[in-house]
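Please look first at the sequence and the model below, and keep both in view while reading.

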Amino acid sequence: MEPVDNGRARIAHQDDYLLISIPSLNSFWGYAIGTLSLVGGTVYLILVFIMGGLSGGGMLLLSMLVWSPIIFLTFEAGRYIAWLFFGKEIFQIDSQGVLFGKSIVSNRNLLNLDPSHVKNLRFNHSPNYLQFLGRGKGRILLDYGMKTYSFGYSLDESEARFLVSYLEKNLKLYKVFL
């Protein structure tokens, strides 16, 4: 018999905290686009340095100034591939507040939200047209002040609905949401 805990999200629920960890979406098209961008940008940079070294320093400087966005895009492609391989979304509630965000290796880029301003946890009904790339709005939305955050990019509809109801039920225990 198939177990009912068969979703992508991992839930750790203790007396003093609730942690939901959702791995990133492993997408073929995301890997393909990210790899092509990374390889293309790296090849371009190598050619610029070779051509700049052959024709003198002026060509290298001009080329680097004009085409420097390619350097940025190359690093972003590498970060995007790392997100697809190792990334996860974190939603943690404890006595300190609400930690929320995306993490590739460490939890240092998480937002620390004030629990009194977090409202309206809900399921996102609108379709995510960029889901095949691992981008776009997530399946679960919450309002923080005057901004709306989303998470759960890689969740399907039934798992997102389950997590919304699970969070609503357990958040009353932590007295986080008003």
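A residue is called buried when its relative accessible area is under 20%, exposed when that area is over 50%, and partly exposed in between, with a 1.4 Å probe and protein chains only. By this definition Ile140, at 0% relative accessibility, counts as buried. The model is a predicted one, in which local features need pLDDT of at least 70 and side-chain atom pairs count only at pLDDT 80 or more, whereas totals for chains, interfaces and linings use all residues. Residues are numbered from 1 along each chain as its sequence is written, and side-chain values use heavy atoms, with hydrogens and water left out.

Ile140 belongs to strand S7, which covers residues 140-144; helices (H or I, at least four residues) and strands (E, at least two) are DSSP runs, numbered from the N terminus. Contact is taken to mean heavy atoms within 4.5 Å, and, once neighbours within four places in sequence are left aside, the contacts of Ile140 include Leu121, Arg122, Tyr149, Phe151, Leu155 and Val164. Gly152 is 12 residues away from Ile140 along the chain, and the C-alpha atoms of these two residues are separated by 5.9 Å.

Strand S7 is part of an open sheet of 3 strands, in the order S6-S7-S8 and with antiparallel pairing, where two strands pair if DSSP finds at least two bridges between them. S6 and strand S8 (147-151) stand at the edges of this sheet with a single partner strand each, so one side of each has no neighbour in the sheet. On average, neighbouring strands of this sheet are turned by 20° against each other, direction ignored; the axes are lines fitted to C-alpha atoms, for helices over the stretch in contact, and angles run from 0 to 180 degrees between N-to-C directions. The antiparallel strands S7 and S8 are joined by 5 bridges, and Leu142 stands opposite Tyr149 in S8. In strand S6 (residues 118-123) lies Asn120, which has a positive phi of about 55° although it is not a glycine. Asn120 counts as partly exposed, at 44% relative accessibility.

Another open sheet is formed by 5 strands in the order S1-S2-S3-S4-S5, again with antiparallel pairing. Its edges are taken by S1 and strand S5 (111-113), each of which has a single partner strand, so one side of each is left without a neighbour in the sheet. The twist averages 10° from one strand to the next. Strand S1 (residues 10-13) and strand S2 (residues 17-23) run antiparallel and are joined by 4 bridges, and the two form a hairpin with 3 residues between them. Within this pair, Arg10 has Ser21 in S2 as its bridge partner, while His13 stands opposite Leu18 in S2.

What pattern does the protein chain follow when it is read along the sequence? The order is β-β-α-α-α-β-β-β-β-β-β-α, with 4 helices and 8 strands in the protein chain. Helix H1 (residues 28-55) holds Val39, which is partly exposed with a relative accessible area of 47%. Of the 178 residues in the protein chain, buried residues make up 35%. Among contacts between residues at least 6 apart in sequence, 54% join residues at least 24 apart.
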